[in-house]
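Subject: Structure for your review

Dear colleague,

Please find below the sequence and structure that I am handing over to you. A summary of what was found follows directly after.

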Amino acid sequence: MFKTFRLEKSYRKLFFAGIINGIGDRFSQVALLALILQMTGSGLSVGITMALRMIPFLFFSPLSSGLARKFGRKNIMIFTDLARAVLALSFLAVNNPADIWIVYVASFMLASGEAIYAPIRKSSIPAIVSSKSLKDINGWEQVLIGIVLIIGALSGGIVSYFLGAKAAFLLNILSFLAAGWILSTLPSLGDKINNQQVSKLNSEKYSELLPVIAASSFLLMLMMFELIIPLINGIENVLLSVYAVETFKKADLGVGIFYSVLGLGLMISPLLTKMVKKRFLLFSFICIIGEGLFLTSISKTEAFWVAAVLFGVTAIFSGVGNALLDTVAMETIPSKWHGMYFGITSMLSNTFIGASMFFTGMALEWFDPRLVGMIGGIMYIFAGTLFLIWSLKYSVKQEKAKLMKIVV
């Protein structure tokens with residue numbers, strides 16, 4: 001795994017840019033969510049804010065593939081980093097509950113940049129990484145998220161707790177600028193193509209890919225996963241802050257600790273991912289079931305540190321499952337469709353997770369967080385079982401061959 005990381009030089013820069021970008025964003029997110037709860041005491045306000053961070057994916061993710069083809073992946077990613085640095089300045093103006101509208105507007109605008117950035121970054125991975133390295137690199141993607149959560153969330157909680165939210169917001173601005181500079185040093189993100197390829201790519205439309213998805217039960221299964229699982233992820237994401245601040249009374253520091261143990265779990269997950277040599281889909285869906293079992297357990301625990309450990313275990317299952325499923329998608333779907341496919345899945349998953357966060361916030365106005373958490377865990381178990389049974393009928397190699405025939 002470390003050998004792969006050392007050999008994939010272009011990916012290393014993408015990795016470090018992602019870490020700096022993500023750490024700064026987590027600094028801001030932890031501070032912002034704690035600030036909202038302190039100003040309003042409302043789970044609904046948290047749900048609205050987190051939903052507004054997801055909804056732009058509905059509008060902007062499908063545009064990412066076309067923008068990348070026209071202007072280049074690297075250029076678009078640098079531009080979105082710089083634009084978000086400017087937009088993040090607005091959080092410095094938030095001082096009291098009357099300023100909550102600034103939080104909502106700025107959150108939506110920042111998420112719009114992320115909606116363009118995220119699918120372009122993901123589609124860049126198979127373009128710059130050798131096919132034999134994909135599983136290891138997708139494992140490193142979970143490590144990246146883990147490092148971001150540990151350093152960004154925990155440090156963000158500490159900085160916010162001792163220095164105030166505005167210090168965290170300033171670090172977020174600097175992180176966007178630093179990440180953009182690292183990306184500028186990349187020689188290419190798979191953008192070097194000849195004129196004939198440019199003409200061919202420009203002619204590609206979503207209308208070409210969508211009928212293929214509709215005709216392939218295998219791709220439909222992957223797409224259904226991107227619809228259903230985010231609905232449950234939204235519950236878990238909102239509960240993380242509410243559990244820390246309201247259930248366990250640990251304020252900013254509790255939010256940071258919960259996010260950091262999630263990060264530790266994700267960093268551990270590649271060690272288990274590496275052990276999986278075949279049946280990636282099967283193990284991916286088993287991990288969803290495991291995540292549900294532990295989320296249900298969290299809803300019953302009375303001790304903060306026990307809940308923290310259990311959140312870490314759920315992250316291990318999540319990291320393994322995500323790495324395996326991303327590897328299946330990257331290996332099976334022809335490269336010419338990667339940009340459009342990841343644009344669609346980013347749109348679907350983030351839109352649905354945003355809707356889930358909003359309705360979870362509403363539910364928390366009437367129901368106890370522990371009850372909502374138990375329902376989320378049961379939903380994970382049910383969904384994981386459904387997809388596990390569905391996946392038994394497929395051979396990934398055969399599905400890849402079928403899709404390659406369509407391209408030819």
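I begin with one residue of this predicted model. Ile333 sits in the loop that links α14 (304–332) and α15 (338–363). Its relative accessible area is 4%, which is under the 20% cut-off, so Ile333 counts as buried. When neighbours within four places in sequence are set aside, the contacts of Ile333 are Leu219, His338, Tyr341 and Leu403. Met77 is 256 residues away from Ile333 along the chain, and 23 Å separates the C-alpha atoms of the two.

As to the overall fold, the protein contains 17 helices and zero strands. Its radius of gyration is 20 Å, close to the 22 Å given by the globule rule for 408 residues, so the protein is as compact as a globular protein of that length. Along the principal axes, the C-alpha atoms occupy a box of roughly 60 × 45 × 40 Å. Of the 408 residues, 58% are buried. Among contacts between residues at least 6 apart in sequence, 87% connect residues at least 24 apart.

Helix α8 (residues 165–184) comprises 20 residues and spans 30 Å from its first C-alpha to its last, close to the expected 28 Å. Its buried residues include Phe169, Ile173, Phe176 and Leu183.

Kind regards

Note on methods. Residues are numbered from 1 along each chain as its sequence is written. This is a predicted model: local features need pLDDT of at least 70, side-chain atom pairs count only at pLDDT 80 or more; totals for chains, interfaces and linings use all residues. Side-chain values use heavy atoms; hydrogens and water are left out. Helices (H or I, at least four residues) and strands (E, at least two) are DSSP runs, numbered from the N terminus. The expected span of a helix is 1.5 Å times one less than its number of residues. Buried means under 20% relative accessible area, exposed over 50%, partly exposed in between (1.4 Å probe, protein chains only). The radius of gyration is taken over C-alpha atoms; the globule rule is 2.2 Å times the number of residues to the power 0.38. Contact means heavy atoms within 4.5 Å.
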